Amino acid sequence: MSAPRQIHIELEQCEGHGLCAATAPGIYDLDDDGFALRQDFEVSSELVSDAEAGIGACPMSAIRWAS
Ligand code: SF4
């Protein structure tokens with residue numbers, strides 16, 4: 001079983017496309033303007049593959065694994 005992992009989002013790179021949250025609802029939180037809200041947060045092992053899909057969906061490559 002995989003371990004929980006840590007997401008890091010470069011918030012200044014985020015342009016508010018919202019594709020991360022559309023691809024992986026419940027993992028990525030957006031503010032009222034559609035920009036990523038949280039810079040660093042943990043993803044449980046069950047959600048790692050969904051989070052990975054969100055990373056791939058970001059057109060700005062603003063999301064990465066921190067661990
Ligand atoms: S997909 Fe990327 S650019 Fe769009 S809201 Fe998420 S982090 Fe920001």
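Two strands are said to pair if DSSP finds at least two bridges between them. Strands (E, at least two residues) and helices (H or I, at least four residues) are DSSP runs, numbered from the N terminus. Among the bridge partners, His-8 has Asp-40 in strand 2, and Ile-7 has Phe-41 in strand 2.

This is a predicted model, in which local features need pLDDT of at least 70, side-chain atom pairs count only at pLDDT 80 or more, and totals for chains, interfaces and linings use all residues. Residue numbers start from 1 along each chain as its sequence is written.

## The sheet and helix 2

Strand 1 is also joined to strand 3 (63-65), by 3 bridges, and these two strands run antiparallel. Here His-8 stands opposite Arg-64 in strand 3.

## The chain as a whole

The chain has 2 helices and 3 strands, and along the sequence they follow the pattern β-α-β-α-β. The radius of gyration is 11 Å, close to the 11 Å that the globule rule gives for 67 residues, so the chain is as compact as a globular protein of that length. This radius is taken over C-alpha atoms, and the globule rule is 2.2 Å times the number of residues to the power 0.38. Along its principal axes, the C-alpha trace spans about 35 × 20 × 20 Å.

Of the 67 residues, 18% count as buried. A residue is buried if 20 or more other C-beta atoms lie within 10 Å of its own, exposed if 12 or fewer do, and partly exposed in between, with C-beta atoms placed from the backbone. Among contacts between residues at least 6 apart in sequence, 71% join residues at least 24 apart. A contact means that the C-beta atoms of two residues, placed from the backbone, lie within 7 Å.

Asp-40 is in strand 2 and counts as exposed because it has 9 C-beta neighbours inside 10 Å. Leaving aside residues within four places in sequence, Asp-40 is in contact with Gln-6, Ile-7, His-8 and Ala-66. Asp-40 and Arg-64 are 24 residues apart in sequence, and their C-alpha atoms are 10.0 Å apart in space.

Ala-24 belongs to the loop between helix 1 (19-23) and strand 2. Ala-24 is buried because 21 other C-beta atoms lie within 10 Å. Not counting residues up to four places away in sequence, Ala-24 touches Asp-50, Ala-51, Ala-53 and Gly-54. The C-alpha atom of Ala-24 is separated by 9.3 Å from that of Ala-57, 33 residues apart along the chain.

Pro-59 counts as exposed, with 9 C-beta neighbours inside 10 Å. Ser-61 counts as exposed with 10 such neighbours. Phi of Ser-61 is near 50°, a positive value in a residue other than glycine.

Apart from neighbours within four places in sequence, Pro-59 is in contact with His-17 and Leu-19. Pro-59 and Asp-29 are 30 residues apart along the chain, with 16 Å between their C-alpha atoms.

## Around the ligand

There are 17 residues around the ligand, and Cys-14, His-17, Leu-19, Cys-20 and Cys-58 come nearest. A residue is near a molecule or strand if its C-beta atom, placed from the backbone, lies within 6 Å of it.

The shell around the ligand divides into 13 nonpolar, 3 polar and 1 charged residues. In this division Ala, Val, Leu, Ile, Met, Phe, Trp, Tyr, Cys and Pro count as nonpolar, Asp, Glu, Lys and Arg as charged, and the others, Gly among them, as polar.
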